[in-house]
Amino acid sequence: MHDLVRSNIVNKGLIRCGDNVLLALSGGPDSVFLFYNLIKLKENLSFNLYASHINHMYRGEDAFRDEEFVRKLCDKHDIKLFVKRKHATEYARELRVTEEEAGRILRYNFFKENLNEVGGGIIAVAHNLNDQAETVLQRIIRGTGIDGLSAMSVKKDNIIRPMLNVPKTEVLEYLHNYNYEYCTDITNSQSIYGRNKIRLDLIPYLENNFNHNIQNTLYRMSEAMDRDKKIIEKYIRKIFSEMLISNDDNRVILSIEKLKKTEPEETGRILRCALELLKGNTVNVEMRHIDYIIDFISSGKTGKKINLTEAVNVEISYDNLIFNKNLENIPKFKYNIVLHEPMEIHEAGKIIYCKVVDASEFNPEDKDTISLDYDLTDGSLVVRNRLPGDSMVPCGMTGVKKIKDIFIDMKIPQGERDKKLIIADNSSILWLEGFRIHNRLKVTSSTKKILNITIRERQNG
């Protein structure tokens with residue numbers, strides 16, 4: 001069985017000389033099997049091996065016993081281990097996602113942190129042949145297409161699965177033959193979860209009544225579907241790039257006008273691309289979600305928003321279709337401005353810096369700085385977000401304009417409006433982020449003192 005794992009790694013180019021390989025090590029039989037196989041291979045293939053373990057804490061003493069087992073295993077073989085403790089159930093409530101999705105996010109965010117610490121690399125996970133068969137059946141039951149039937153890939157991005165064609169029976173036989181210890185999660189043998197029922201009830205029924213080799217059959221089908229999927233993806237990515245207006249960690253924006261010109265069969269896949277770009281995967285994205293968005297595009301008007309899943313909402317803003325991560329609502333905030341010191345506005349994820357300078361230092365070419373006549377300000381200055389009824393007199397105008405109308409004119413999506421900073425004094429709004437200053441505060445030849453304002457996004461980590 002070691003030869004099969006070695007063949008997978010070498011022939012499919014999963015690990016190369018000098019790679020940093022981070023093993024997801026739970027302590028269960030599959031990850032321990034992969035641990036010992038990588039230990040044997042790392043000297044000959046000349047790669048660096050690390051391990052990562054997450055204690056999800058919801059299994060009480062058993063979870064801490066697994067953690068201790070993994071620590072001792074890595075100490076014995078001189079493998080650097082990263083450990084994180086986080087209660088998956090509580091994390092799911094924080095993120096407003098399912099416990100399964102929260103666990104996945106937690107794991108892969110931690111893996112990313114570990115790889116950053118060691119200078120980058122790849123993640124090795126211990127999914128086996130049985131896991132692949134269970135995944136395929138689970139997706140068939142939910143309703144899926146080619147993407148779902150392809151299930152897990154041997155290699156995707158920086159994630160490798162070197163034992164995806166190794167049966168569970170042979171994993172256990174290998175461990176027993178070498179007297180390798182491992183941890184056992186008793187919940188895996190209880191027919192109480194959907195996936196467990198597939199493993200314990202459905203697969204044995206199919207093996208006994210229809211195809212005794214059903215797991216290998218499903219594995220071969222997933223490989224065929226994966227090849228077809230890659231051909232389709234190559235074509236769709238090209239179209240998707242033409243639809244994409246912009247994206248960041250929390251948002252993906254597509255052109256509705258261009259989307260409406262695509263074939264119906266293409267539209268669904270383009271929408272899946274957007275969701276994958278936003279979430280990092282398409283876990284729990286089903287055809288009904290895609291159909292829901294397509295109907296929304298046809299019938300929705302600007303300002304309309306739908307919750308697609310607990311993790312994602314979709315909104316229409318003029319000619320834009322916007323996919324947003326469901327983040328906590330931005331609370332109302334108000335801070336007194338302290339001059340000449342950077343101020344972090346946690347709620348908006350921004351840092352603002354205000355200073356007073358002589359008029360001789362005024363630089364009208366500086367596009368990154370907002371300049372106001374400081375002597376014309378009225379009393380103390382505050383930075384805050386919008387309030388009902390807010391208005392101002394924009395520079396170059398004489399009439400009052402509501403902040404709400406300014407946002408509409410600027411086509412600022414609803415979800416972004418509470419993050420826009422406002423600077424105000426005792427009597428009026430002096431400046432709206434991304435817009436203009438108040439007309440009475442403009443710098444003129446009689447200005448003596450200037451209030452300079454600079455703003456930047458706060459960098460995470």
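Close-up 1. Tyr-174 is buried, with a relative accessible area of 6%, where buried means under 20% relative accessible area with a 1.4 Å probe and protein chains only. The model is a predicted one, in which local features need pLDDT of at least 70 and side-chain atom pairs count only at pLDDT 80 or more, whereas totals for chains, interfaces and linings use all residues. Residues are numbered from 1 along each chain as its sequence is written, and side-chain values use heavy atoms, with hydrogens and water left out.

**Close-up 2. Aromatic pairs.** The structure holds nine aromatic pairs, defined by ring centres within 6.5 Å for Phe, Tyr and the six-membered ring of Trp, with planes under 30 degrees apart counted as stacked, over 60 as edge-to-face and the rest as tilted. Phe-33 and Tyr-174 form an edge-to-face pair, 5.0 Å from centre to centre with 75 degrees between the planes. Phe-33 lies in helix α2 (residues 29-45) and Tyr-174 in helix α8 (residues 168-177), so the pair ties together parts that are 141 residues apart in sequence; helices are DSSP runs of H or I with at least four residues, and strands are runs of E with at least two, numbered from the N terminus. Tyr-174 also forms a tilted pair with Tyr-180, at 6.3 Å centre to centre and 45 degrees between the planes.

**Close-up 3. An open sheet.** Four strands form an open sheet in the order β12-β16-β19-β20, with antiparallel pairing, where two strands pair if DSSP finds at least two bridges between them. The edge strands, β12 (334-336) and β20 (429-432), each pair on one side only.

Note on methods: Buried < 20%, exposed > 50% of the residue type's maximum accessible area, 1.4 Å probe, protein only.
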